Amino acid sequence: MTMIDSGTQATPAEIKQSVAELEDEAITIIREVAAECRNPVLLFSGGKDSAVLLHLAAKAFRPGSLPFPVMHVDTGHNFDEVIVYRDILVEQYGVKLIVASVQESIDSGRAVEETGPRPSRNRLQSVTLLDAIAEHKFDAAFGGGRRDEDKARAKERILSFRDHFGQWEPRAQRPEPWNMLNAKIRPGEHLRAFPLSNWTELDIWRYIGIENVALPSIYFSHRRTVVERNGMLLSVGGPVVLEAGEMPFEEIVRYRTVGDASCTGAVRSMASNVDEVLVEVAAARITERGATRADDNFSDSAMEDRKREGYF
Amino acid sequence: MVLRIATAGSVDDGKSTLIGRLLHDTKTVFEDQLSAVEKASTRYGDGSLNLALLTDGLRAEREQGITIDVAYRYFATPKRTFVVADTPGHAQYTRNMVTGASASDVAIVLVDARNGLTEQTRRHLFVASLLGVKLVILAVNKMDLVDFDEATYHRIVAEATAHADALPAPVVLNPLPISALLGDNVVDASTNMPWFKGLPLLDLLETIEVPGDHNVGARLAVQWVIRPYSTEHHDYRGFAGRLTGGSLAIGDLIRVLPGGQQSTVIGIDRGGVPQDTAQPGEAISIQLADDIDIGRGDVLVAAVASESPIVTDRIIADISWMVDKPLETGSRWIIKHQTRTAKAFVSAIELRHDVATATRSPAESLGLNDLGRVHLNVSVPLVIDNYDRHRPGGAAVLIDEATGMTCAALMIRDSE
């Protein structure tokens, strides 16, 4: 394929090499955590980062099979295309899927739906996630988090230690000289592992292009009925209910991230394939979370606060 | 190639401002990040755009105007891609600097032009030397506050050069005068300092040449054994790990250490795809001609290597102590070296490095931020290299069995 890539003047060979180095690093991390932990799980949201993560995990153990299950923390606020995609992928990779449901957490009283006109279930995922980790006795959870996503994430280690309450304490992180991973934990504690720590959004898309990683269709341009809220285009239907005075309209859009459908915005885009998305990403002037996540724009330390509560 | 940079400086030397300036002037900062910084500048400062807030992401950092923990930033120019480890200069300063420097090609050491070389600067230069970071950019910052005075700059550079010459391992100093706040010699050459003829910082970073690793011969510390047990791959056994030290090809003769058995490489897979050869850094799995008992922690080594590793249970290592609880002679820890985890007993503390004077003194114990040299007895034999010859074989960490905390970084120098 031709790589039209305006991010740097790097040649296709150089791009391939730099992405291959990131792959080597990620596979090394995945193997290390699998070896050191008793019962890890891979968190899979159906988003592009978790798609890349699953792809890497499968490669790490080939021709063997994935030695751990995959877990989807299901907010119930889904894009239909993502659930279809998730089920096809699970079938293809032959992995064991666990679904941890936020709806069940709400029904059982473990979590309380946010009140107000626009409840998002993003924060509630932490409750469901921690309950599932305890129930299945997972000692490590792989996530697709990247340090370039957010300023709190930029401070997080590859292996992020979580206490009995699932909390992240940025002041008490374990140093990781030479990226040497210390997976020692006590009962009740667990680890989050971020093999994509050093990847940027551009690296992710380059890798998707080079490796032909399958993605949900909503990552590419399509026609959708949306409503504009706080400068964000939200898909009408499902959790997004029209409010008084709001006018839905048709737009050619795509998604830069996949999250809770009630607070994940689409961007106007004509990019219909990976090459076109790469051009768009390289020219983007707004971060993917800034452009598409109402929850992260809520406050300056929204991500840090959620991570302290046990978020991904 | 990606250039990995560690930045170091004392509190208020302007590290975060410098990184913010690099990100801002290379147009790496996105609009929403910039508007968030503008908002925060009003809240935490005097309202003028505070570039340090681009990297100081935690609430406590913003409130106190300090950097708490190592942060990683990524930026690219048309010529090169960069990863910056921003290592804060207070409290756990040595631990942060060691962590940042451990994976870096270049260290940028900041000096406040008003203060000249401080103990912290000497410490940073010492850590760079101890960790094997050969290239150091000495950025004399805040030149605007000394009227861009040439003599001040040269005095600081002369002092730093004298200190660099006394370090345990040589480092190459690349000095330059800057103002991170105003942008002088960061991305664009300074018009305020026409007397400086060198490259501005970004040009230097784009063109600086990193010396390659020593070729000691192929090493592969086994992380995991791939056994599919499927009909198709019934007898498949792949020893998975990251290749270091040298390249490897099908047909190569290898030795298994510490066991000593020999065999021939008959297959190399990278991400499940067969290939004939592998290069250092690649995450691979290899198959051998013989059925040998090999597990996690064992190291496969090229039988014909330019340098052989040492198999020993007694090691001598430089150490960076990273926690409040002191290290004492006779104490026991968990050691993690490559993919081997074992128990370690501190048989002797040989010395403490006095970083300010680059001299050594005897020590009974080592405390937080101390650098020293220790002798360890390990419960199983390790396959070690001298850290300066082959980093992966010479690097290790100590872990506190009770708390699980990583307490020390070890640079192995020799066997006892």
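Residues are numbered from 1 along each chain as its sequence is written, while chains are lettered from A and ligands numbered from 1 in the order in which they are written. Because the model is predicted, local features need pLDDT of at least 70 and side-chain atom pairs count only at pLDDT 80 or more, whereas totals for chains, interfaces and linings use all residues.

**Confidence and the interface**

The predictor gives the complex an ipTM of 0.91 and a pTM of 0.91. Where pLDDT is low, the predicted coordinates should not be read in detail.

Between the chains, 47 residues of chain A are in contact with 51 residues of chain B, two residues being in contact if their C-beta atoms, placed from the backbone, lie within 7 Å. The side of chain B that touches chain A comprises 27 nonpolar, 12 polar and 12 charged residues; here Ala, Val, Leu, Ile, Met, Phe, Trp, Tyr, Cys and Pro count as nonpolar, Asp, Glu, Lys and Arg as charged, and the others, Gly among them, as polar.

**The two chains**

The table uses helices (H or I, at least four residues) and strands (E, at least two) that are DSSP runs, numbered from the N terminus. A residue is buried if 20 or more other C-beta atoms lie within 10 Å of its own, exposed if 12 or fewer, and partly exposed in between, with C-beta atoms placed from the backbone.

| Chain | Secondary structure | Buried residues | Contacts at least 6 apart that join residues at least 24 apart |
|---|---|---|---|
| A | nine helices, 10 strands | 57% of 312 residues | 75% |
| B | eight helices, 25 strands | 50% of 416 residues | 69% |

The C-alpha atoms of chain B fill a box of roughly 70 × 50 × 40 Å along the principal axes.

**Domains**

Domain bounds come from an automatic or database domain assignment. Chain A is divided into domain 1 (12-204 + 300-308) and domain 2 (216-292), whose C-alpha centres are separated by 23 Å. Their contact takes 21 residues from domain 1 of chain A and 18 residues from domain 2 of chain A.

Chain B is assigned domain 1 (2-207), domain 2 (219-302) and domain 3 (310-415). The C-alpha centres of domain 2 and domain 3 of chain B lie 29 Å apart, and the contact takes 12 residues from domain 2 and nine residues from domain 3 of chain B.

Not counting residues up to four places away in sequence, Ala139(B) touches several residues, including Leu18(B), Leu110(B) and Ile178(B).

Ile178(B) is found in the loop between strand S6 (172-177) and helix H7 (201-207) of chain B, and Ile178(B) counts as buried because 29 other C-beta atoms lie within 10 Å. The C-alpha atoms of Ile178(B) and Met143(B), 35 residues apart along the chain, are separated by 5.9 Å.
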